[in-house]
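Q: I would like to go through this structure step by step. Could we begin with one of the helices?

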Protein chains: 2
Amino acid sequence: MTGQRVEMRHGGGGRSMRTLIEEVFARGFADMPFDGIGLGAMDDGAAIRVGDRWLVLTTDSHVIHPVFFPGGDIGRLSVSGTCNDLAMMGATEGIALTCAMIIEEGFPLGELERIQHSMVEACREAGATIVTGDTKVMGRGEIDGIVINTSGIAFASAPIRDSGLRVGDKLIVTGTMGDHGLAVMAARHNLEIDGGELLSDVAPLTTMIRAALSAGNGSIVAMKDPTRGGLASSLGEMASKAGVGIVVYERTIPVSAAARAAGEMIGIDPLQVANEGKAVIGVRAEAAGAVLAALRAHPLGKDAAIIGDAVAERPGSVILDTGYGRRLLVESDGEPLPRIC
Amino acid sequence: MTGQRVEMRHGGGGRSMRTLIEEVFARGFADMPFDGIGLGAMDDGAAIRVGDRWLVLTTDSHVIHPVFFPGGDIGRLSVSGTCNDLAMMGATEGIALTCAMIIEEGFPLGELERIQHSMVEACREAGATIVTGDTKVMGRGEIDGIVINTSGIAFASAPIRDSGLRVGDKLIVTGTMGDHGLAVMAARHNLEIDGGELLSDVAPLTTMIRAALSAGNGSIVAMKDPTRGGLASSLGEMASKAGVGIVVYERTIPVSAAARAAGEMIGIDPLQVANEGKAVIGVRAEAAGAVLAALRAHPLGKDAAIIGDAVAERPGSVILDTGYGRRLLVESDGEPLPRIC
């Protein structure tokens, strides 16, 4: 790749990013010895067997702009994002997080304290604790505001992969799609949205996922949080890794009126943008009802819905049934706007 | 702290940074439940009991400028820095690292690959594996080049604190002081150095520390890697946390001719700048000889030396015995130049 340069699309969560990761990182890091679920799995995190449990380890850097947005801020995002990556691998117990901040010279200390309070509040919701950290300061113009890396560990009785779908499984989403990405975009452009207030959904899903795993009793076989690239990207990865097709029914996919209105104004499909408080869950058909009921009993899951099926046709593809016909739900080449998370 | 702003000194590793961390982060995060060594300890990482071992968790963001410097690059630094934080807490087994990169649009892919090769090489030296990662891209001018967060876990049979000194203990440094910080500064200013080539000492200390812990057989009671703020800052923290005084003998502290020359040209004390491949070790006096021998038998420890004693006088202070008299070795208010690591 000599002579080429990193482009914005390489950070978008779509095809270009996966190519960069696969061709540069995964290839280079691939032959490192590791007994567990490692980088090659390209999952939400790594998992290591410790005694009779699994330790899940994950990392995320948060570069969102603006730092404060409708429904949340970079502090809530950074805790939620990492708790959700852990939860997507089934790890909801004993969450310990790191917090590494890089701050631009001149950043107001009052804003730093607001961000920190949000982190504490999100940790309380998840039952997580920040146990260690790092602070760096860069000069004016060397970094735009603040970025926060949160890495974390938690324990799972058995890790859930994003590759576990089989033909016949049901796909569930835990709520409305596209709120985070569209709320941030609308805020960035000062859009007036019809259809009600549009807020980011940013939240830690730990307690809801714990309830779903318990209700599923081993029948939840794949999970992913549809962040960059949105639902389309997550379903695409799940289909491709499992070698199954996925059919989703458009009328069953929850989208809020405000997100739909914002998506139309901006020209972006709510199924193609980041969520920060939602999960896509693959479950054996016979347990789908029980898992759905457990999700709906949780405040963060009241709009949960079964949206589709894993099928034998068109392995690796996602088909959107619009009610009038069927078309491929094609993954975009990454998030349409940068710094969405 | 409302109305105040973050300043460069807040990232320097000295008093101002500790005040920021203590007053904003540690206070805000302090009442989070945690059964282990957590943020309040202000150590190199956190430690959690898992079965009959301890899991150590640490994080570091690396913002060094320039990205390639004499003796290393940001890739080698990011792996070494995190392995060394783990090693300083006695965790040398089963090292699993995360790698989260934030890259500026336009960054050359060829340089990214060079950085990655350095990470792989440093992992090999430490017996570490990169198991998961994250990639973000920011626009031109939103981030200067590339920053890398590496977080990591490893296991220790018992965690080593930085607070464990008692009166009568010996202080050991594992090699020459100041090479990393002075090499980076000299490179930044294109200085011609007398006294030989000046290279960063950046290296993972894992295998050397494992040998020292084995030779010490429980007698190593405190460790710290003297990064930002250098030896002066690390000794100051060790003295203050343990409530002992520390006397160090200037003639016994190894400083290379090149670092001494560069320090004089730039006007910076080699004892006040960052090292990235050295440790300060506190050891019970009766085991000091055995630990020193184990260090010297390792290629990274050939210049190791006993440099001082923990004493009852002036608890919390570090006294430098110059051979002509004694003066306080005062911690600087942070690294004299930003982005040194």
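Predicted model: local features only at pLDDT ≥ 70, side-chain atom pairs only at ≥ 80, totals over all residues.

Q: Is H2(B) mostly covered or mostly uncovered?
A: H2(B) is mostly covered, with 15 of its 15 residues buried.

Q: What is found at the start of H2(B)?
A: There, a side-chain oxygen of Asp73(B) comes to within 2.8 Å of the backbone nitrogen of Gly75(B). Just after the helix, Gly90(B) has a positive phi of about 85 degrees.

Q: Turning to the sheet, in what order do the strands of chain A run?
A: The order is S1-S2-S3-S8-S6-S7, an open sheet of six strands with mixed pairing. Strand S1 (36–37) and strand S7 (129–138) are the edge strands, since each pairs on one side only.

Q: Which helix of chain B packs on that sheet?
A: Helix H1 (residues 15–29) of chain B does, touching S6 and S7 of chain A.

Q: How are chains A and B related?
A: A rotation of 180 degrees, with 0.0 Å of shift along its axis, superposes chain A on chain B with an RMSD of 0.0 Å. The two copies are therefore related as by a two-fold rotation axis.

Q: Which residue of chain A comes closest to the axis?
A: Ile143(A) does, its C-alpha being at 2.2 Å.

Key. Residues numbered from 1 in each chain as written. Chains lettered and ligands numbered in written order. Heavy atoms only, no water. Least-squares fit on C-alpha atoms with pLDDT ≥ 70 in both. Pairing = 2+ DSSP bridges. Helix = DSSP H or I, 4+ residues; strand = E, 2+ residues; numbered from the N terminus. Contact = heavy atoms within 4.5 Å. Axes fitted to C-alpha atoms, helices over the stretch in contact; angles between N-to-C directions. Buried < 20%, exposed > 50% of the residue type's maximum accessible area, 1.4 Å probe, protein only. Polar contact = N/O pair within 3.5 Å; in protein donor to acceptor, adjacent residues only side chain to side chain.
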